[in-house]
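Me: I am new to this structure and would like to learn how to read it one feature at a time. Could you take me through it slowly, with the general idea before each case?

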Amino acid sequence: MSWSARSGVALGCRARPIVDMSYSRHFLDFQGSAIPSAMKKLVVTRLSPNFREAVALRHGVPVPLPGDGDLLVRNRFVGINASDINYSAGRYDASVKPPFDIGFEGVGDVVALGLSASADYTVGQAVAYVKAGSFAEYTVVPAKQAVPLPSVKPEFLSLMVSGATAYISLKELGELSEGQKVLVTAAAGGTGQFAVQLAKKAKCHVIGTCSSDEKGGFLKSIGCDRAINYKTESIESVLRKDYPEGVDVVYESVGGKMFDLAVNSLATKGRLIVIGFITGYQNPTGLSPIKAEVLPAKLLKKSASIRGFFLNHYFSEYKMALKHLLKMYEKGELVCEVDLGDMSPEGKFTGLESVFRAVDYMYMGKNIGKIVVELPHSVNSKL
């Protein structure tokens, strides 16, 4: 079915403010080839913490039409997040029933847009976005949710969720000040890398945990004062010996035993920021046990606090944070490390089929930086 016919059908069946632009270049990509009528995307077909069991790759799905205020984005890179598993397990919104789309963030080119959206965007423009449904070849994104970019680069994707999480949580909950000691768990990961750098920019002493000497080397290269490879050193012993008075802030994403260790390592008036608990995500119950029975006594004894952070609750701060991060990156003040899977056993993460491998790779703890999957298209971009 042609775009003209499809637009007409959409307009005839539903009162949606879609302007039929099929006669113009708005419904053509910027190299002049027609947008296909069908695409591939990932869909959650059953709720399970086992990503491979929960998610299916669908072929022949109709390419969605942008509404009046929307952009149709051809995804070029999509980001992998530890919480993709929580989403496929149905832990974020119990009212959502399968099938539903998955993937939180993407970077790509605008290939079609509604009339209102064309006031601020043009075909061929590079944009990033945070919106459910990015694990698809094409995604409709409200123009007001899109972030214009100078070019399509995977590094920009690392800022959208991972960078913003580190920036906002440390700013709002960390109360960082010069000379304080900050412990970052999973420090060489997608969001840990930003927590390390932002804490250093606040003139703090930064300790990062990681699982290999290679990751330790990366952490030192981005300013980490003390990298602890927990495969060769005891984190508990290092903290007790080198930081006997404790740490002022913990940026914690691991959970389980690491959470207990973090609580015990807090200094007087210390703050523990929980941004995740990855060790529990693949479990059917979702949570690894922690020794919480004496938690009130531990917190009281130190006047310490535990603070949870979920990015969705801080969208009022989001655009400001992203603007700041983009400026830092463009000035060369921020390293945005991405892992495209070049070192994974089967090679680079290319195509939606490789999202499953990329999720496995993350849960094996192999990545350095943000895991990104590239989506190749038959039409090469000029950007």
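This is a predicted model: local features need pLDDT of at least 70, side-chain atom pairs count only at pLDDT 80 or more; totals for chains, interfaces and linings use all residues.

Me: Which residues touch the most other members of the largest nonpolar core?

Reply: A core is read by asking which buried nonpolar side chains are joined to one another. Here the largest one has 55 residues, and those touching the most other members are Leu149, Leu159, Val184, Val196, Leu219 and Phe309. Several elements give two or more residues to this core, among them strand S6 (126-130), helix H4 (154-174), strand S9 (181-184), helix H5 (192-201) and helix H10 (315-330). The most comes from H4, with 11 residues. A second, separate core has 26 residues, including Phe135, Ala358, Tyr361 and Met362.

Me: Which residues is valine 196 in contact with, once its neighbours within four places in sequence are left aside?

Reply: Setting the sequence neighbours aside leaves the contacts that come from other parts of the chain. For valine 196, these are Val184, Ala187, Val206, Leu219, Ile222 and Cys224.

Me: How should I read the strands, and in which sense do S9 and S10 run?

Reply: In a regular strand the side chains alternate between the two faces of the sheet. As for the direction, S9 and S10 run parallel and are joined by 4 bridges, with leucine 183 standing opposite isoleucine 207 in S10. Together with H5, these two strands make a right-handed β-α-β unit. S9 also pairs with S12 in the parallel sense, over 3 bridges, and there the bridge partner of valine 182 is valine 249 in S12.

Me: What is the order of the strands in the open sheet that has antiparallel pairing?

Reply: That sheet is formed by 3 strands in the order S2-S1-S4. Its edge strands are S2 and strand S4 (100-101), each of which pairs on one side only. Between S1 and S2 there are 6 bridges in the antiparallel sense, and valine 44 stands opposite valine 55 in S2.

Me: Is helix H8 largely enclosed or open, and why?

Reply: The next step is to count how many of its residues are buried. In helix H8 (residues 257-265), 7 of the 9 residues are buried, so this helix is largely enclosed by the rest of the structure. The buried residues of H8 include Met258, Phe259, Leu261 and Val263, and also Asp260 and Ser265. What they pack against includes S9, helix H7 (235-242), S12 and strand S13 (266-274).

Me: How many residues of helix H11 are buried?

Reply: Helix H11 (residues 355-363) is mostly covered, since 8 of its 9 residues are buried, including Arg357, Tyr361 and Tyr363. Among the elements that cover these buried residues are strand S1 (38-44), helix H2 (51-54), strand S2 (55-62) and strand S16 (370-374). After H11 comes glycine 365, whose phi is positive, near 70 degrees.

Me: How are aromatic pairs read, and why is the pair of phenylalanine 277 and tyrosine 281 edge-to-face?

Reply: One looks at the distance between the ring centres and at the angle between the planes, where over 60 degrees counts as edge-to-face. The structure holds 10 aromatic pairs. In the pair you name, the centres of the rings of phenylalanine 277 and tyrosine 281 are 5.0 Å apart and the planes are at 75 degrees, so it is edge-to-face. Phenylalanine 277 is partly exposed, at 30% relative accessibility, whereas tyrosine 281 is buried, at 5%. Elsewhere, Tyr87, Tyr92, Phe100, Phe104 and Phe310 form one aromatic cluster.

Me: How many disulfides does the structure hold?

Reply: The structure holds 0 disulfides. For cysteine 210, the closest cysteine sulfur is in cysteine 224, at 7.9 Å, which is too far for a bond. Cysteine 210 is buried at 5% relative accessibility, and cysteine 336 is buried with a relative accessible area of 7%.

Conventions
Residues are numbered from 1 along each chain as its sequence is written. Side-chain values use heavy atoms; hydrogens and water are left out. A nonpolar core is a set of buried Ala, Val, Leu, Ile, Met, Phe, Trp, Tyr and Cys residues joined through side-chain atoms within 4.5 Å. Buried means under 20% relative accessible area, exposed over 50%, partly exposed in between (1.4 Å probe, protein chains only). Contact means heavy atoms within 4.5 Å. Rings of Phe, Tyr and Trp (its six-membered ring) pair if their centres lie within 6.5 Å; planes under 30 degrees apart count as stacked, over 60 as edge-to-face and the rest as tilted. Two strands pair if DSSP finds at least two bridges between them. A crossover is right-handed if, with the strands pointing away from the viewer, the path from the first strand over the helix to the second runs clockwise. A disulfide is a pair of cysteine sulfur atoms within 2.5 Å.
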